[in-house]
Amino acid sequence: MRALDPLVVDPVWAAIEPLLPPAPPDGHPLGCHRPRVADRDCFEAILVRLVTGCSWVDAERLTGNRVSDTTVRGRRDEWIAAGVFDALSAEALAGYDRIIELDLSECAVDGSQHKAPCGGEGTGKNPTDRGRLGWKWSLLTDRNGIPMGWATDGANRHDTILFPPTLDQVVARGLLADVETLHLDRGYDSAAVRTLCAELGVTDLVAGRQRRAGEPAPTTKPALGMRWPVERTNSWLSNFGQLRRNTDRRVVHRLAQLALAVVLLITAKLVDWRARWSA
């Protein structure tokens, strides 16, 4: 998988390292403490678990037992509290916009449902998986499928519920004002969605209209707009084992995983761009 390619991992680590909180003061009055495990080793264990979907114990073994699973979980929580993953995703998106440039002429929003067998916060019964516990993310992408905003919730939540927090991220990044056309599927055909878009200045909205009660069936299949880029991005993200079958029980952990997956995706795009122009 590209996420484990050193050409992708090394630039991501180079961006993460300056964002990490300072290590606690070293030293012990009796001189008998264990040395602090390197942050890079913890990052590699987090990455292996995200890509493969394995347990923390297996991630420890797959990274050569250089760091214990308990230490990795604790370091991850430190980084989440310090806002490392949020800052990293913002930096990756800004870098992509500066080097390649986001194409905001045709944007799209879509959700994707996945398994969450351990339950916990932000999960619910998935109506498309025989009521098993699952979670859902919502993405807003540009014309090329680059994620600009995302939100998560239980698999039982309707896409329209995740729509406002997804847009909020794009608004916070100052990108929504430049969106020319926003493509949605039939599930977003509601007055609340149209009103929210109007309030935020999104005037060109393409949404496949739902069929009303008593309305005759259409003679031709309605056009649903340019939604394939966001669907393709959802497919890319679903390749990450821990996103496809999430075993964490807290929302902040899932958001951190999703943010890191987005960073890896964007970095792979930048690496391909560099290879294209340096060939």
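User: How far apart are the end C-alpha atoms of helix 5 (residues 84-99), and does that distance agree or disagree with what its 16 residues should span?

Analyst: This is a predicted model, in which local features need pLDDT of at least 70 and side-chain atom pairs count only at pLDDT 80 or more, while totals for chains, interfaces and linings use all residues. Helices (H or I, at least four residues) and strands (E, at least two) are DSSP runs numbered from the N terminus, and the expected span of a helix is 1.5 Å times one less than its number of residues. For the 16 residues of helix 5 this should give 22 Å, which agrees with the distance between its end C-alpha atoms, 22 Å.

User: Which residue follows helix 5 with a positive phi?

Analyst: Most residues other than glycine have a negative phi. The residue in question lies in the loop between helix 5 and strand 1 (106-115) and counts as exposed at 54% relative accessibility. With phi near 90°, a positive value in a residue other than glycine, the residue that follows helix 5 is Glu101.

User: What is the relative accessible area of Asn65?

Analyst: Asn65 is found in the loop between helix 3 (56-62) and helix 4 (69-81), and its phi is positive, near 55°, although it is not glycine. Asn65 counts as exposed, because its relative accessible area is 52%.

User: How many of the eight residues of strand 4 (residues 147-154) are buried?

Analyst: Strand 4 pairs with strand 3 (residues 133-141) in the antiparallel sense over seven bridges, where pairing requires that DSSP finds at least two bridges between two strands. Within this pair, Thr141 stands opposite Pro147 in strand 4, and the hairpin has five residues between the strands, among them Gly145 with a positive phi near 85°. Strand 4 is largely enclosed by the rest of the structure, because the number of its eight residues that are buried is seven.

User: Which residues touch the most other members of the largest nonpolar core?

Analyst: A nonpolar core is a set of buried Ala, Val, Leu, Ile, Met, Phe, Trp, Tyr and Cys residues joined through side-chain atoms within 4.5 Å. Residues are numbered from 1 along each chain as its sequence is written, and side-chain values use heavy atoms, with hydrogens and water left out. Of the 68 residues in the largest such core, those touching the most other members are Phe163, Leu182 and Leu237.

User: Over which residues is the pLDDT below 50?

Analyst: pLDDT is the predictor's confidence in each residue, from 0 to 100. The mean pLDDT of the chain is 90, and 90% of its residues reach 70 or more. A stretch with two contacts (heavy atoms within 4.5 Å) beyond near neighbours in sequence has pLDDT below 50, and this stretch is residues 217-223.

Definitions and conventions:
Buried < 20%, exposed > 50% of the residue type's maximum accessible area, 1.4 Å probe, protein only.
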